[in-house]
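Me: I am new to this structure. Please pick a single part, look at it closely, and take me through it step by step.

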Amino acid sequence: MLGINGFGRIGRLVLRASIENKTGVKISAINDPFMDVKYMRYQLLHDSAHLKARFHVETYDQGLIVDGQKIRVFSAKQPVFFGLFRMRFHGEMHKLKVL
């Protein structure tokens, strides 16, 4: 599991690489306090440098669905606490290492 903090050029590239290259890395969360989910979808689909995405992207009430994979979206301004993303999925606390 990998969480992306910031969905600018690099954050989008990490997500695209994990989807397009079938790396086995599962992106489970994205945090960006300055971008809403609809704009994230638009930016991912219509990247000016990497052209139109070759995968399906849609939104749901808590984030994005990219090629069938649900990715939870957060908008915390200070999400990192001692190097860990802490989030709650289905009532369970999960810790994701921040790389």
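Reply: What follows is a close look at one helix, with its setting first and its partners after.

This is a predicted model, in which local features need pLDDT of at least 70, side-chain atom pairs count only at pLDDT 80 or more, and totals for chains, interfaces and linings use all residues. Residues are numbered from 1 along each chain as its sequence is written, and side-chain values use heavy atoms, with hydrogens and water left out.

First, the setting. The chain has two helices and 10 strands. Helices (H or I, at least four residues) and strands (E, at least two) are DSSP runs, numbered from the N terminus. Read from the N terminus, the order is β-α-β-α-β-β-β-β-β-β-β-β. Of the 99 residues in the chain, 39% are buried. Buried means under 20% relative accessible area, exposed means over 50%, and partly exposed lies in between (1.4 Å probe, protein chains only).

Now the helix. Helix α1 covers residues 9-20. It has 12 residues. From first C-alpha to last it reaches 16 Å, close to the 16 Å expected at 1.5 Å a residue. The expected span is 1.5 Å times one less than the number of residues.

Look at which residues are covered. G11, R12, L15, R16, S18 and I19 are buried in α1. They sit on the same side of α1, because they cover an arc of only 165° around the axis. That arc is taken over the directions from the helix axis to the C-beta atoms. Just after α1, K22 takes a positive phi of about 50°.

Next, the charged pairs. Side chains of opposite charge can pair when their charged atoms come close. A salt bridge here is a side-chain nitrogen of Lys or Arg within 4 Å of a carboxyl oxygen of Asp or Glu. That rule gives two salt bridges.

One joins the side chains of R16 and E20, at 3.3 Å from N to O. Both residues lie in α1, four residues apart, which is about one turn of the helix. R16 is buried, at 5% relative accessibility. E20 is partly exposed, at 29%.

E20 also pairs with R54, where the closest N and O atoms are 3.4 Å apart. R54 lies in the loop between β4 (51-52) and β5 (57-60), so this pair ties helix α1 to a part 34 residues away in sequence. R54 is exposed, with a relative accessible area of 70%. Together, R16, E20 and R54 form a network of salt bridges.

What else touches the helix? Follow I19. Q69 touches I19, along with K26, I27 and L64, leaving out residues up to four places away in sequence. Contact means heavy atoms within 4.5 Å. Q69 is in strand β7 (residues 69-74). Q69 counts as buried, at 19% relative accessibility. The Q69 side chain also reaches the backbone oxygen of I27, at 2.6 Å.

D67 lies in the loop between β6 (63-66) and β7. Its phi is about 50°, although D67 is not a glycine. At 42% relative accessibility, D67 is partly exposed.

Finally, step back to the chain. Among contacts between residues at least 6 apart in sequence, 53% join residues at least 24 apart.

Technical notes
Polar contact = N/O pair within 3.5 Å; in protein donor to acceptor, adjacent residues only side chain to side chain.
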